[in-house]
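Subject: Handing over the structure

Hello,

Here is the structure I promised to pass on to you. Please open it beside this message as you read.

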Amino acid sequence: MGEAVLLASGEAIAARRRFRVLRKLLHHRSFMIGFIVVAVMVVAALAAPLTGIDPDGMRFRARFRPPQGAFLFGTDQFGRDLLTRTLYGAQLSLWIGLSVAVLSGVFGAAIGVLSAQYRQLDSPLMRVMDALMAAPAILLAIGLGAALGPQTHSVIIALAVAYIPRTARIVRSSALVTRELEFIEAAQVSGASSVRIMFRHLLPNAAGPLLVQSTFVFAYAILAEAALSFLGIGPPPPAPSWGNIIAEGRSYAVQAWWIMLFPGFAISLAALGMNLLGDGLRDVLDPRLKVES
Amino acid sequence: MYRGILMRLSQAVPVLLIFAVMVFMLMHLLPGDPALAIAGPEASAEAVEVIREQLGLNRPILVQLLEWFSHLAVGNFGESLMLKQSVVSAVVERLPVTLSLSLVSLVITLPAGILLGVVAAYWRSSWIDASVMVVALLGVSLPGFWVGLLSVLFFSVHLGWFPPSGYAPLDETGLVAWLASLIQPAVVLALFQIGFLARITRSAMLDVLDQDFIRTARAKGVDEWTTLAKHAFRNTLIPVVTVLGITLSLLIGGSVVIEQVFALPGIGRLIVQGIMNRDYPLVQGTMLLFGFAFVVINILVDIIYTLVDPRVRYG
Amino acid sequence: MAGWLERAGLTVALAAMLAQPALGAAGGKAGDPARGGAITYAAAGGPGALDPHVAGSLVALEVIHHVFETLVAMDESYNARPMLAATVQVGDAARRFRFTLRPGLRFSTGATLTSADVLASFERYARVSTNVALLEDVVGYDVPDARTFVVRLASSNAMFLDMLKSPTYPLAIVPADQQERPGREVDVVGTGPFMLESWDKDSHLVLRRNPDYVADRSAAGPDGLAGRKTAYLDTVRYDFVAEPAARLAALQGGTADAVANLPPDFASRLGGRDDLATLRVFPYCQLLFVTHAGNGLTAQRLIRQAIQAAVNVDDIIAASGQPARRNASLVYPGSPYHTGDGAEAFYDRRNLDEARALLRQAGYKGEKLILQTNATYSYMRDAILVLAGQLREAGMNTEVQVVDWLTNLTSLRRGTGNWNVTSAGFCTQPLMGPQQWRAQIYADPHIRDLAGLDDAYRRLLASPEFAPRQAAWRRIETLVLGEAYFIKVADLGAVRAYNTRLHGMAPYFFQRFWNTWVN
């Protein structure tokens with residue numbers, strides 16, 4: 001009975017808090033700019049089919065058209081329309097970014113919470129995380145991507161694994177702080193199970209830092225996918241990921257500079273949007289850092 | 001404090017062990033045969049088999065792992081399959097390139113990043129702050145390899161100002177050639193770090209500006225900038241140490257792609273080529289050396305924290 | 001016709017291939033060649049080792065052919081011509097080869113080259129070389145005197161000298177004291193016009209003129225890798241520059257005097273500069289599609305032929321961005337083995353209706369066809385992407401796999417991995433002639449059991465007359481192309497560029513710096 005009352009009031013507090021956070025975010029300049037940038041990208045990605053052009057359709061009579069007239073972004077060495085490919089590329093690159101953010105978020109959160117809750121798991125899990133972090137993320141992704149084979153999901157898994165340790169560390173340290181709080185002890189005394197403690201207390205309290213970190217991972221993943229494609233370990237062509245378009249246009253950089261140019265802008269814009277979004281979230285959700293006055 | 005360091009070092013042993021096994025397994029999981037890379041695309045199947053036998057690649061994987069560990073135990077990091085050179089000497093040969101690159105990019109990063117951060121904090125919430133932060137954010141949002149490619153096209157191919165690639169050793173070609181060969185890749189690397197440093201410096205400075213002595217200084221009308229500079233210096237030490245630590249751990253990470261774009265014969269390129277050629281001992285040995293360096297650097301950074309910030313205790 | 005081949009007991013039709021005259025040094029308008037000068041060459045990469053007996057990579061071979069020499073080498077038209085040998089006598093129905101060395105040959109150390117060095121080199125080759133198959137038929141060697149070396153074979157091999165000229169894994173003559181050295185650990189000491197001065201792995205190496213070089217005075221001038229070679233330059237520095245854009249800029253900025261293969265896109269930028277010139281090398285490589293007859297769909301002949309029927313060569317050439325020529329055959333036009341019309345039936349079919357009909361006949365139900373390629377060689381990737389489009393148009397369900405170069409190579413050579421078609425570039429095999437395709441064809445595990453192939457290759461190697469050998473090659477080509485194991489796309493060229501202060505630059509498969517000079 002006592003616990004139920006506690007929970008009900010807890011939920012009411014949480015609801016009020018969520019509302020306050022939302023209002024702060026709506027008034028936060030960089031969050032809103034980032035939100036708009038990302039929203040525009042998502043809309044552009046969804047609108048890709050509206051160009052009515054097959055992104056992989058080759059027209060050999062229209063090779064290397066510079067950006068003008070019918071071809072706003074120009075065409076590549078196969079005569080493929082680069083505007084269409086860049087738009088479809090948004091679908092693929094944003095999908096990769098989102099999947100990596102979600103996967104590394106879920107697994108990072110699970111590992112972080114588990115090692116905070118079960119002390120005997122802490123040391124082995126963290127040593128494995130340390131080992132994963134001893135290799136630069138991009139090298140780990142190169143190795144994993146090559147080992148898993150040339151599929152989009154290999155790229156996603158490789159990048160997710162590379163970013164899990166950082167997320168796990170962040171969640172773990174937040175969960176460790178929460179565990180020290182008195183209401184956890186109270187919950188334990190009142191016989192709440194470990195699973196309940198993890199899901200009811202540790203995880204919700206780590207949600208803020210987790211969300212902020214995942215937003216940044218989203219941005220990193222978009223950049224890293226492009227770098228992997230540049231090194232030849234990206235999603236398989238003809239899939240028009242932004243990294244692939246740059247990699248394929250590289251041999252024609254002098255003669256047809258536009259092939260490389262637009263997807264590069266798209267990558268920068270998407271990463272910028274996610275970073276702005278992340279900055280805003282951090283200002284509002286993470287009290288350890290200064291908020292803009 | 002010494003006990004703390006010892007404890008950290010002892011924790012590092014299992015980490016490196018796990019790391020070594022991971023790198024080994026990952027390398028051997030890669031499809032593709034190093035014997036083919038050595039023999040060349042036109043070698044006969046029998047010849048490739050001979051090389052596999054010579055290199056001991058036909059033995060069970062566990063035997064190969066144990067052999068590698070037994071060599072490591074006596075300090076033998078192995079010999080590269082492709083380069084026919086000991087892993088340590090291959091790394092030592094390429095270290096100056098990567099170190100030079102990191103050094104030049106750090107020399108660009110530190111003043112630029114700190115200045116931007118201080119300026120943004122001082123005029124916070126103004127258009128100056130906003131534009132500085134956009135610049136800083138751009139730094140961490142631009143794909144380095146793309147900026148590098150565009151830079152080569154514009155500054156090297158189009159204008160012909162800088163050599164497009166390659167490394168000019170300081171002791172052989174002199175300062176100007178050395179700097180010219182590094183300036184483009186260093187700036188590209190610095191873009192990211194400047195963005196990073198400017199953001200950290202800004203939030204550290206915001207703390208200071210809220211404090212009483214600044215307000216007092218302002219009220220008194222004493223030279224505000226002198227006070228600011230003094231405190232700015234103290235308070236940027238921590239972000240600088242952080243960035244130093246990150247830069248050092250980026251020794252390989254950040255330069256992997258950039259060394260590829262600018263054909264710099266450094267560590268990053270060595271490892272990527274090693275992966276592409278399935279040069280197992282080379283990649284394993286180099287990664288392990290750098291895993292070790294990474295662990296040591298992290299411990300050093302933590303020690304420096306305790307020195308520059310008395311609030312931090314070594315645990 | 002070169003007089004080096006003494007017809008002792010047997011007429012070797014190989015001589016027919018020697019008909020083309022040696023090309024002199026082309027290029028430079030400026031005066032007589034003069035000694036001296038140093039140049040820098042931006043190569044596409046650096047060698048891992050400089051051991052000729054195991055060297056298969058082009059960047060290594062480019063250096064090796066300046067430092068080492070073989071008994072018999074490729075001439076300007078890529079046929080066999082003696083280099084260290086003055087004459088070769090072929091006897092005992094092409095089972096006995098007697099090499100007489102040129103007098104006064106010396107290594108760059110100053111030591112005299114004798115038949116003992118030749119013997120030691122052959123024995124080392126048989127022990128360490130990647131190309132041991134070359135000597136597997138040898139029953140013994142004789143060394144009657146310091147200038148004579150005899151190779152005895154177990155069975156007739158009319159193409160032995162053509163195999164011996166191999167520029168990859170060259171059977172270079174190294175000093176006898178190197179005999180016991182393991183592969184890739186030989187001292188870089190040869191008889192070539194240049195010698196190794198310094199080598200900074202991964203960065204650059206420097207070749208210096210060999211003052212002890214003994215040129216072949218029987219020839220009028222340089223001839224391919226053989227002939228009368230003269231080193232004019234004091235030093236040639238090879239900078240290893242993997243990025244083509246970087247090579248181009250090095251040439252434009254004056255830090256390189258010559259640069260290795262450039263994408264045509266980049267070479268097009270040189271037009272405005274009259275101090276820079278391009279060197280077009282043709283033929284350079286052949287672009288093929290190889291089908292995996294041991295895996296899934298492409299195990300069916302009809303499916304393979306459907307793929308062949310859908311290929312439109314011109315579009316693939318256009319997208320590859322390479323200088324390319326149409327050629328149906330696996331050997332180059334100009335070779336006596338060239339079978340243009342014979343191979344034409346399997347080339348550039350662009351017949352989508354037939355492809356669809358073949359698919360129906362094969363009972364194809366839209367199963368996935370996997371096309372593998374690599375990102376290292378963008379022309380291969382681009383060719384596969386165009387092929388994927390053509391196959392889709394013919395009603396096939398395709399998936400493209402881009403893997404790294406070594407995975408792709410392993411797939412091709414071992415038949416590993418799940419793929420149906422891959423792109424492949426062959427460079428030295430077609431240059432050297434039909435015998436060289438054998439290892440390639442047999443290396444593909446799924447082709448090995450083709451009925452009639454063994455027999456045709458036996459006839460190719462054993463027939464003393466040219467006509468039956470030519471017929472045997474036609475048979476081989478018809479089998480391999482007709483079964484659509486190989487689908488020929490095009491012959492590719494290469495574009496290099498140089499500063500016109502460098503004279504005597506002539507197009508050749510390997511970039512040569514003998515008989516080139518600066519003012």
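Below are some notes on what was found in it.

First, this is a predicted model, in which local features need pLDDT of at least 70 and side-chain atom pairs count only at pLDDT 80 or more, while totals for chains, interfaces and linings use all residues. Residues are numbered from 1 along each chain as its sequence is written, and chains are lettered from A and ligands numbered from 1 in the order in which they are written.

Let me start with chain B. Its elements are 12 helices and zero strands (helices are DSSP runs of H or I with at least four residues, strands are runs of E with at least two, and both are numbered from the N terminus). Of the 315 residues in chain B, 48% are buried (20 or more other C-beta atoms lie within 10 Å of the residue's own, with C-beta atoms placed from the backbone). Contacts, meaning pairs of residues whose C-beta atoms, placed from the backbone, lie within 7 Å, are also worth a look here. Among those in chain B that link residues at least 6 apart in sequence, 70% join residues at least 24 apart.

Chain A has a helix to look up next, H9(A), residues 242-249. Eight of its eight residues are buried, so this helix is largely enclosed by the rest of the structure. Among them are Trp242(A), Ile245(A), Ile246(A) and Glu248(A). The cover over these buried residues includes helices H3 (82-117), H8 (194-230) and H10 (257-285) of chain A, together with helix H7 (144-158) of chain B.

Strand E2 (residues 38-43) of chain C runs parallel to E14(C), joined by two bridges (strands pair if DSSP finds at least two bridges between them). Strand E20 (residues 486-499) of chain C pairs with E14(C) in the antiparallel sense over three bridges. Ala258(C) is the bridge partner of Tyr41(C), and Ala258(C) also stands opposite Tyr498(C) in E20(C).

Finally, where do chains A and C meet? The contact takes 18 residues from chain A and 24 residues from chain C. On the chain C side, the elements giving two or more residues are helices H5 (264-267), H7 (313-320) and H10 (378-393) and strand E18 (397-403). The largest share, seven residues, comes from H10(C).

Key: A residue is buried if 20 or more other C-beta atoms lie within 10 Å of its own, exposed if 12 or fewer, and partly exposed in between; C-beta atoms are placed from the backbone. Two residues are in contact if their C-beta atoms, placed from the backbone, lie within 7 Å.
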